[in-house]
Amino acid sequence: MLKKIAMLLSITITLSITGCMTNVNKEGASGTDEKVTISVGDWPTENRPQWVEQYNTYLRNMESKYPDIKVVPDEWAYDVNSFVPKATSGQLPTLYETFHTETQKIINAKYCADITDELEKAGYLDKMNPMLKELVTKNGRVYGIPKDAYILGLTANVAMFTEAGLVDENGVPLFPKTYEELGEYASIIKKKTGKAGFIMPTMSNFGGWHFMSIAWSHGVTFMEQIDGKWTATFNTSEAASALQFIKDLKWKYDALPDNVLVDNPEMLKLFASDQGAMYFSNPADFKLFDTYGMKKENFSVGPMPEGPLGRFTLTGGKTYMFKPGVAPEQIDAALKWLEITGESPTPTAELLAVLDENYKTWAEEGQVVGIYPQNVWVNEEFVKAKANVIDKYKNIDIKFAEQFMNAKDVRVKPEEPMNCQELYKTLDACIQAVLTDKNADPATVINQANSDFQKNYLDKISE
Amino acid sequence: MKPTRRIAVKPAAGAPRERTNRWLNAFTRNGKAWMIVLPSVLLFYFIMWRPIAEGVFLSFFKLENYQAAGFVGFQNYREVLSDTLFLGALKNTFGYVFWSLLISFLPPIIIAVALNEMVHLKGLFKFSIYFPVIVPTVAAALIWYFLYLPGDGGILNMLRHSIGLKNSEWLQNPILTIPLIITSMTWRGCGTSMVLYLAALQGVNQELYEASTIDGAGFFLKLRYITFPHLSPIILLLLVRQIVGIFQVMVEPMTMTGGGPNNASLSLNLQGYNYAFVYFQPERALALNVITFVILLGITVFYFRLDKKLSI
């Protein structure tokens with residue numbers, strides 16, 4: 001019996017190992033036909049008919065301008081559960097979209113292609129926003145093209161602020177200037193409306209991500225390279241007081257929702273349904289209006305509050321990346337596709353017409369148009385041209401976003417250089433610890449997190 | 001009639017040839033049986049054996065694109081075992097098993113015995129108990145979301161109010177998180193176990209009950225001497241299935257608490273999921289899963305030994 005089991009096992013292992021070996025280097029460049037073929041991810045689905053129509057127009061324009069390129073639509077959109085299987089099995093679209101927070105992770109895992117040479121040849125590198133370029137760069141090589149970008153602001157629910165009497169003579173919410181003021185305003189709103197004054201996400205790495213701005217403005221440095229070794233440096237009184245602020249929101253100001261286990265969708269739902277008055281966000285998350293039915297009149301956005309070291313915020317948005325192993329001509333073809341969709345840096349008349357059409361479609365679809373985003377391309381002619389188009393299709397009363405757009409003292413920091421997602425997860429746990437235990441000591445919690453992060457991640461960096 | 005003469009095969013050509021012949025004979029003799037078994041064997045190979053063997057093999061490598069990119073020995077195991085979250089996750093996983101045995105092991109047996117004794121409305125009760133199994137996952141998740149909601153809006157808190165108690169934090173209380181997750185799992189899984197127990201109960205020879213009634217045995221004596229001895233094999237089987245199943249719990253903590261609060265409901269499999277899908281470190285996920293596999297193998301071997309002992 002034992003012999004049979006041993007034989008069965010050895011056959012299985014041999015076949016499996018053979019399987020492992022034969023899988024190596026299956027990835028190869030396609031497009032050896034006459035036409036260069038590229039697949040494009042995030043193709044709009046039928047629930048967004050205006051965009052299906054718009055993409056079909058792009059497709060027709062592409063076919064007539066570049067007949068030697070074939071574009072294959074792919075509706076797959078980035079998702080944590082399906083990305084790794086797709087990447088591993090070589091099924092990613094040639095051009096796919098992901099979030100800014102994922103790019104370094106994808107580069108480290110080698111699930112994307114190096115496009116530095118093609119970008120250089122096209123003259124795009126100098127025109128790219130240096131802060132955003134940092135997100136897609138490793139060891140001087142560039143691996144993606146940011147698609148869009150925003151900075152986090154403090155979004156406020158106009159109806160709830162009005163009910164709490166926290167609006168100026170023009171009906172614009174009085175945005176808290178400091179974190180202390182944020183706690184106080186949130187407390188007033190809770191008392192006056194019975195609903196949460198502030199929503200703090202605590203799950204799925206969102207808690208840690210939002211915590212960064214608070215911590216930076218308190219003067220926290222999360223990690224440093226000391227003698228070539230990465231060291232966690234947030235076991236400080238600054239980090240403890242940033243965490244104390246979160247703790248106070250619950251136990252001192254009593255301003256948070258009853259449910260403290262909040263992920264991103266839950267946060268948007270609470271805000272859109274008037275269950276929470278403020279949160280840090282993308283200044284105009286379309287899901288608020290499209291998925292959760294919020295009225296645009298209820299939306300306003302201000303700058304991030306100020307901490308002891310000033311105002312800090314971070315960027316979010318989407319990035320284009322390329323399937324690993326694609327041929328240079330496919331990368332060139334994808335760049336031409338981005339020219340057709342209005343996302344290349346040279347504002348030709350043709351591109352401006354597409355940009356005009358894009359903003360018109362967004363406005364018709366019900367998205368907030370009027371707030372200038374962070375520009376991916378920073379050549380002046382492009383910035384001006386884009387601002388003109390945005391002004392043309394503005395669909396909100398700009399007084400509700402003016403303070404956000406005019407804030408000059410907000411500093412945008414790039415994400416931490418090493419193990420970002422793991423850091424966010426570690427900080428999620430810290431936030432949960434102080435929100436579920438009234439007696440938790442922020443300094444002890446943060447010291448433990450610092451030591452865990454060092455031991456679990458930074459000590460294990462081999463490069 | 002002249003008897004057929006049997007010609008003995010001389011093993012002079014050596015043992016390997018004889019062994020090959022024996023395998024070949026066995027195969028030709030049982031050809032039809034092999035043909036019937038073959039699809040299952042192939043499925044087992046591709047879906048179970050090969051991934052398991054490949055997983056064990058790759059857990060000793062640094063991976064790039066899930067391909068071996070350099071042998072690292074036990075490095076991945078060392079990294080997983082030295083992770084400060086590992087011990088907590090292991091403890092939580094055994095916590096899930098403990099609470100699962102305490103909360104959800106007996107109810108299906110009791111319900112099955114009660115249903116077996118019922119004369120009226122048996123179908124209605126059977127359907128009611130089985131109903132949660134067919135409730136769509138999203139609807140079930142929403143039901144439990146509203147039940148466990150902290151604050152005044154939660155259904156369970158409303159019930160507490162009605163009897164003069166203060167609000168509970170439910171899932172946000174680290175002590176209650178695992179038992180509450182197990183309770184929701186019991187609600188969903190109880191029906192399936194109950195049906196299996198009921199089927200086993202209905203296979204018991206009714207004459208035994210009749211004979212014991214004539215001998216003057218009451219309900220509990222019949223339960224002790226007839227019902228349980230008949231149920232014991234399936235009880236043991238479902239016990240091991242439950243331990244193995246709960247040991248791999250992942251979806252429920254992921255959707256209900258994300259492993260929180262403060263990692264109080266983080267299970268080994270959820271940690272493995274985080275390694276593979278959130279942090280893109282599949283080699284660590286594989287090493288952790290091999291560790292889980294070894295623990296489960298130990299439990300299963302223990303079950304088989306116990307079963308053998310009890311059978312004797």
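Because the model is predicted, local features need pLDDT of at least 70 and side-chain atom pairs count only at pLDDT 80 or more, while totals for chains, interfaces and linings use all residues; side-chain values use heavy atoms, with hydrogens and water left out. Residues are numbered from 1 along each chain as its sequence is written, with chains lettered from A and ligands numbered from 1 in the order in which they are written.

Strand S3 of chain A (residues 95–99) is largely enclosed by the rest of the structure, because four of its five residues are buried (under 20% relative accessible area; exposed is over 50% and partly exposed lies in between, with a 1.4 Å probe and protein chains only). Strands here are DSSP runs of E, at least two residues long, and helices are runs of H or I, at least four, numbered from the N terminus. S3(A) pairs in the antiparallel sense with strand S13 of chain A (residues 315–322) over five bridges, where pairing takes at least two DSSP bridges. Across this pair, A:Thr98 sits opposite A:Thr319 of S13(A).

As for nonpolar cores (buried Ala, Val, Leu, Ile, Met, Phe, Trp, Tyr and Cys residues joined through side-chain atoms within 4.5 Å), the largest has 102 residues, and A:Phe198, A:Phe222, A:Phe234 and A:Met278 have the most contacts inside it. Helix H17 of chain A (residues 420–436) gives the most to this core, with nine residues. Another core, of 40 residues, lies apart from it and includes A:Phe322 and A:Leu351.

Over in chain B, helices H9 (residues 177–202) and H11 (residues 219–247) pack at about 150°, their axes 11 Å apart; axes are lines fitted to C-alpha atoms over the stretch in contact, and angles run from 0 to 180 degrees between N-to-C directions.

B:Gly260 and B:Pro261 are joined by a cis peptide bond, with omega at about -5°, and B:Pro261 falls in the loop between helices H12 (251–256) and H13 (268–278) of chain B. A:Asn139, in the loop between strands S4 (137–138) and S5 (141–142) of chain A, has a positive phi near 50° and counts as exposed at 70% relative accessibility. A:Asn205 also has a positive phi, near 75°, but is buried at 6% relative accessible area.
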